[in-house]
Amino acid sequence: TPDWWNLYVYGESNMKGSRASIILEGPNNVTLEQTLKFDFRASNNQEKYEALIAGLKLAKEFGARILRCYNNSQLVQGHVANIYQAKEAVLLRYYHVVKTPVDDFDCFEMYHIPKERNTRENLLSK
């Protein structure tokens, strides 16, 4: 049976700009950590979507078929799980960009973890 992979994505923006922290854990103790800095001003929710998009691409590149994703945005998690409807035009575009790769996984689960509980991601983002 294929192994579960775990993806932790964390997006943040401040006066210095926007960035994402990504941790991908796979079978056989494989762990990849990546921090991305965005060259554009992004809203709080946009950078969380950007982090998720980058994380999904990384998981695909490494052959993940079954993925659990943990993120710090209840809104993005709600959009992807079809609990909340994306109403803003910008977020609706992000939702559609994310849905295609999500649907390509054999199994995908997404969970919200509040920022204060994301200690590993908080350390990576610094």
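The model is predicted: local features need pLDDT of at least 70, side-chain atom pairs count only at pLDDT 80 or more, and totals for chains, interfaces and linings use all residues. Residues are numbered from 1 along each chain as its sequence is written, and side-chain values use heavy atoms, with hydrogens and water left out.

**Sheet**
- An open sheet of mixed pairing has five strands in the order β3-β2-β1-β4-β5; strands are DSSP runs of E, at least two residues, and helices are runs of H or I, at least four, numbered from the N terminus.
- Two strands pair if DSSP finds at least two bridges between them.
- The edge strands, β3 (30-38) and β5 (107-112), each pair on one side only.
- β1 (residues 4-14) pairs with β4 (residues 66-71) in the parallel sense over six bridges.

**Helix α1**
- Glutamine 46 lies in helix α1 and is buried, at a relative accessible area of 19% (buried is under 20%, exposed over 50%, partly exposed in between; 1.4 Å probe, protein chains only).
- Beyond its neighbours within four places in sequence, glutamine 46 is in contact with Val90, Leu91 and Tyr94 (heavy atoms within 4.5 Å).

**Salt bridges**
- The whole structure has three salt bridges (a side-chain nitrogen of Lys or Arg within 4 Å of a carboxyl oxygen of Asp or Glu).
- Lysine 48 bridges to glutamate 47, with the closest N and O atoms 3.2 Å apart; lysine 48 is buried at 9%, and glutamate 47 is buried at 0%.
- Arginine 65 and aspartate 106 form a salt bridge at 2.8 Å between the closest N and O atoms; arginine 65 lies in the loop between α1 and β4 and aspartate 106 in the loop between α3 (89-104) and β5, so the pair ties together parts 41 residues apart in sequence.
- Glutamate 109 and arginine 68 form a salt bridge at 3.7 Å, N to O.
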